[in-house]
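Me: Could you walk me through this one? I'd like the overall picture and then a single residue.

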Amino acid sequence: MTLPFLFITGIENSYPVLPGGERLDQLDRIGHYARWERDFALVRQLGVRALRYGPAYYRAHLAPDHIDWEVCDEPMQRLHDLGIEVIADLCHFGLPSWMHGVTDPAFPVHFAEYARAFARRFPWVRYFTPVHAILTCATRSAMHGEWNDCRSGDADFVLALRNLCMAHELAVEAILAERPDAVIVQNEMVEHVHAAGKVAAPAAERWNAIRFLALDLTLGREPASGMTRWLHEHGVTSNDLSFFRERRGEGRRWLGLLYYPESEQRVTGTGRRTAARQRLGFGKLARHYYQRYQVPLVHSATYHAGRYAAPWLRDQWESVLALRSSGVPVHGFGWHSLVDHHDPRTGAGSPDAPLPLGLCGIDRELHPVGVAYRELIGKWAGVMADATPEPRQAVRVGR
């Protein structure tokens, strides 16, 4: 049996709590709750086969034993009727208010129960992203103080990272118990920090080790030298690490890579970051991630703005074709998002216009990159329909 190559987009559904206590629900701000039928029709018009989408977790999971499916039953049924594959985005940068942020010790267990209930409620959904971009959520919630817990410091960051990874893996177990043939599409930002001279090398080396931690823990790979000790020093127990070393869902996991213009940065000796002058590029970084984890890849999301968007789209697609030609299994390609969305650091009272990063604007009119993506899919969908094998691990990575 084969799985299709997925041309993907997503409807931005993050909902973090900002430092002042306001929740930024992107689905609300882009008008999706009122215009979801139009949004789904756009997905079909583009020829996109798969949609990264899910209900806002905080609106559905109202209490430990209370899930309100009315918030998503009708939209989910419409996607099913339209034949659009849903990559179910279950937790995207925010939690229900009755939990105490991503550092709440009860979060992993409650979330796993929600994931199990979701898989049971929508048995036709095959693709799941339990916790989106774990490292980004942990960094912004407990290192930079921008979201949710609004904390900073190594201990807070490590606790957030541990909880998010634990929630993800417990959810993987729960989903596969309900649907053993589910495919777990774990999305993480592709990152690399370039050192601006020798004095900046230690800072770059440290971050380039931290950037793999979420994937190392969830995919059962021993972290880089010194990282295990650092985790121990800040509260991750030996039992936690033993849990993470167990490999779950082997053969059922894809690694979704998110690559954006800001994915590669240059760090100075003072720790200041700027845009990288020279890039490794998606192809080289994706190959590195594949060699490290040996699971099939998906180029889950990319974006660029204005006149740079369509050329960036073509460049990223050429990287995917080159990777596949060299034998790296890449099972999908996506532009995120469908509709322009707002800066994740500003609340509803901000006068800022949406970031022009989508395939279409808030008015649901296609940007030039939306037209370019539709043309790309029309040209390549038939070509890519063949020879996309059932997901499996290529080799077992040694520790």
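Me: What helices and strands are there in the protein chain?
Reply: The protein chain has 14 helices and 13 strands, where helices (H or I, at least four residues) and strands (E, at least two) are DSSP runs numbered from the N terminus. This is a predicted model, in which local features need pLDDT of at least 70, side-chain atom pairs count only at pLDDT 80 or more, and totals for chains, interfaces and linings use all residues. Residues are numbered from 1 along each chain as its sequence is written, and side-chain values use heavy atoms, with hydrogens and water left out.

Me: Switching to Arg253, where does Arg253 lie, and is it buried or exposed?
Reply: Arg253 lies in strand β9, which covers residues 253-258, and Arg253 is buried, with a relative accessible area of 2%.

Me: Which side chain does Arg253 make a polar contact with?
Reply: The side chain of Gln186, at 3.1 Å; a polar contact is a pair of N or O atoms within 3.5 Å, one able to donate a hydrogen and the other to accept it within protein, and residues adjacent in sequence count only if both atoms are side-chain atoms. A polar atom of the Arg253 side chain also lies 3.1 Å from the backbone oxygen of Arg248.

Conventions: Buried < 20%, exposed > 50% of the residue type's maximum accessible area, 1.4 Å probe, protein only.
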